[in-house]
Amino acid sequence: MRAFAALLRKELRQHGPTALAFAGVLIAWAIVLYNFKERWDDLIPPLLILPMGFTPLWFLWRAYQSLRAEWSGRHAHLLLALPVPGWYLTLSKFLVLLLEVGLYAAVHAGAIYLVAVHDDLRHFSSPYLSDSVGNAFIRATLWTAFRTVLLLVPHGILILAAAYGIIHVSWLASRLLPLSRGRRIVSVLILAGLGWMMWRGAWLLGLALSWLPRIPVAQGMWIEGRSADALWLIHSTVTVAAGPVVGLLLLTAALYAAGSWLLEREVEL
Amino acid sequence: MTETAGVPGTAAALGDRAPVREAPVAESAKPVLEFHDVHKHYPGVDALRGVSFTLPRGVVVGLLGANGSGKSTLIKLAAGMLRPNRGRVRVLGLEPGRRTKARVAYLPEVDHLYAWMTVAETLDFVRRFYGDWQPERERLLMEELGLPERQRVGALSKGMRARLRLVLALSRAADLILLDEPLSGIDPPSRSRITRAILAAYRAGEQTLLLSTHEVLETESLFDRVLVLDRGRVVLDGDADSLRGQAGRSIQALLEEVLG
Amino acid sequence: MRRLLILTVLLALAAGCVLDLHSNGIVDIFGSLFEVLDPSTESVQQPL
């Protein structure tokens, strides 16, 4: 554990300052939008969401760079000489990248709430609801939204872990081939193949594990009705079959085991 | 300072699979490094062609040869950074891997340190992985080599970075120390300082040191044994004193003769 | 030998991917996972 903690700390030290700087930029962007929200009105939601669109691209780029940079900086000579399992290297890198993306997501969520939601909620009024019922409804809606986030986070982590594993293994596998050029293209081809394998594998395992109970992934709450006398509170839950999710989890674990084996036993310097 | 303090630490780092059941006598009698008919190819190049030798515990071996003779490949194979295409490499009787890495100190030819770390952070990072780390030896080496702890690695000169890499390799009570060109690119006054440091840190009789170098004049006094490679083959393997005695001249002169 | 094994696995992967794309098409392959995932919404109404 001491060795894993050392690797984690190294990754945090290496990428923490950049991540904090980016988070600062996002906060500054939110402050600008907050100050111009009256003037830019309709533009605010797309402008708020805009940086969020870059987060997945940033994740993919960082995942690709996480090993490549160790090789180009020749640090692989240090890391591969360490008496640790290969997955220590992979997992420490993934966890820190996950923290980084989590930080951006949290800043985004905070910005969206403060710029686009908070004021609207404060001035919320309904011709059908008394103030006290209205306030209770707002609280319940926010709680439902929070629960949805809690339900979605593990699924998001799983998808990111799978994407990271695919990038990681395809990069490592491309290094095993005796190529003098075209390694990047080969790496992309392996990436496509692994992506296909994970997709189809999750589908197949989903069919095989169809007996598993369904799992909730999102919740919603709203009011329907035409008059104050006939209002209905609608509480809805989105569920999915657990089979493909569990299948993806198993495949991702297998991918990390394969990556660990390649890193420890096959990759050469 | 108790140099044997690193031995239980090493066993702990190796976990349950460490060969602790064997008697210490058997462990010390076991060859530290064995190459049996090892071949290594790169695309278009035969880096090693049937290399065989055995190194016992407690010797300093000079690995000599021209550029491209296969010295770095041989060291990387022993460090577990490469795998042979044919033949067998064994470190303490084990195939190079995680277990042997806990017992081998490897100084690569390239500058592999993180520029953003300070000297102290680099030492702190590396020492956490090895149960055989010797803080006292680290302190002595730092003093001997005059390294500034608080300076960033990126701000150090090439020579100072080479010294730091040497501290990382020599601060351990590793069974096998692999130094790949530790004097490469170092100015002559610093070379003698580094050679002195190697001599001061090395524990005769306990550790096996394999040192590849072009700077034979500065280092040949260290060698107990000499292994000369030429185009992937061992062309000379012998006891350093006997070779000097037979030829009646320095290893450097002998090397020039052997390699033409 | 192990390299050959890895290369074989990679080639098998490529062949499987191409055959699957050829016989099922990318839209079906994409849709298949969502089909088995089968997302559905259950709603509960209560009078306010």
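This is a predicted model: local features need pLDDT of at least 70, side-chain atom pairs count only at pLDDT 80 or more; totals for chains, interfaces and linings use all residues.
Eight bridges join β1(B) to strand β2 (residues 45-55) of chain B, and the two run antiparallel.

A quick word on the ground rules: residues are numbered from 1 along each chain as its sequence is written, while chains are lettered from A and ligands numbered from 1 in the order in which they are written. Local features need pLDDT of at least 70, side-chain atom pairs count only at pLDDT 80 or more, totals for chains, interfaces and linings use all residues, and side-chain values use heavy atoms, with hydrogens and water left out.

**The sheet in chain B**

- Helices (H or I, at least four residues) and strands (E, at least two) are DSSP runs, numbered from the N terminus, and two strands pair if DSSP finds at least two bridges between them.
- β1(B) and β2(B) make a hairpin with two residues between them, and B:Gly44 in the turn has a positive phi of about 80°.
- Across this pair, B:His39 stands opposite B:Arg49 in β2(B), and B:Val38 stands opposite B:Val51 in β2(B).
- Strand β1 (residues 33-42) of chain B also pairs with strand β4 (residues 86-91) of chain B, antiparallel again, over five bridges; here B:Phe35 has B:Val89 as its bridge partner in β4(B).
- Put together, the three strands form an open, antiparallel sheet in the order β2-β1-β4 (chain B).
- β2 and β4 of chain B are the edge strands, each pairing on one side only.
- Neighbouring strands of this sheet are turned by 25° against each other on average, direction ignored (axes are lines fitted to C-alpha atoms, for helices over the stretch in contact, and angles run from 0 to 180 degrees between N-to-C directions).

**The helix packed on that sheet**

- α3(B) packs on the sheet and touches β1, β2 and β4 of chain B (contact means heavy atoms within 4.5 Å); its direction makes about 120° with that of β1(B).
- Eight of the nine residues of helix α3 (residues 71-79) of chain B are buried, so it's largely enclosed by the rest of the structure.
- Buried here means under 20% relative accessible area, with exposed over 50% and partly exposed in between (1.4 Å probe, protein chains only).
- Among the buried residues of α3(B) are B:Leu74, B:Ile75 and B:Leu77, along with B:Lys71 and B:Lys76.

**Chain B overall**

- Chain B contains eleven helices and nine strands, and 55% of its 260 residues count as buried.
- Take the contacts in chain B between residues at least 6 apart in sequence: 71% of them join residues at least 24 apart.
- Its accessible surface comes to about 10700 Å², and 50% of that belongs to carbon and sulfur atoms (areas come from the Shrake-Rupley method with a 1.4 Å probe; for residues, only the protein chains shown count as cover).
- Chain B averages a pLDDT of 84, with 89% of the residues scoring at least 70; pLDDT is the predictor's confidence in each residue, from 0 to 100.
- Over residues 1-24 of chain B the pLDDT is below 50, and beyond near neighbours in sequence this stretch has 31 contacts in the model.

**Where chains A and B meet**

- On the α1(A) side you'll find A:Arg2, A:Ala6, A:Leu7, A:Lys10 and A:Arg13, which meet B:Glu121, B:Phe125 and B:Arg127 in α5(B).
- By class, that contact of α1(A) with α5(B) has three nonpolar, no polar and five charged residues.
- For those classes, Ala, Val, Leu, Ile, Met, Phe, Trp, Tyr, Cys and Pro count as nonpolar, Asp, Glu, Lys and Arg as charged, and the others, Gly among them, as polar.

- Strand β2 (residues 231-241) of chain A and β1(C) pair over eight bridges, and C:Ser40 is the bridge partner of A:Thr239.

**Chain C overall**

- Chain C has one helix and one strand, and 21% of its 48 residues count as buried.
- Its C-alpha trace spans about 70 × 25 × 10 Å along its principal axes.
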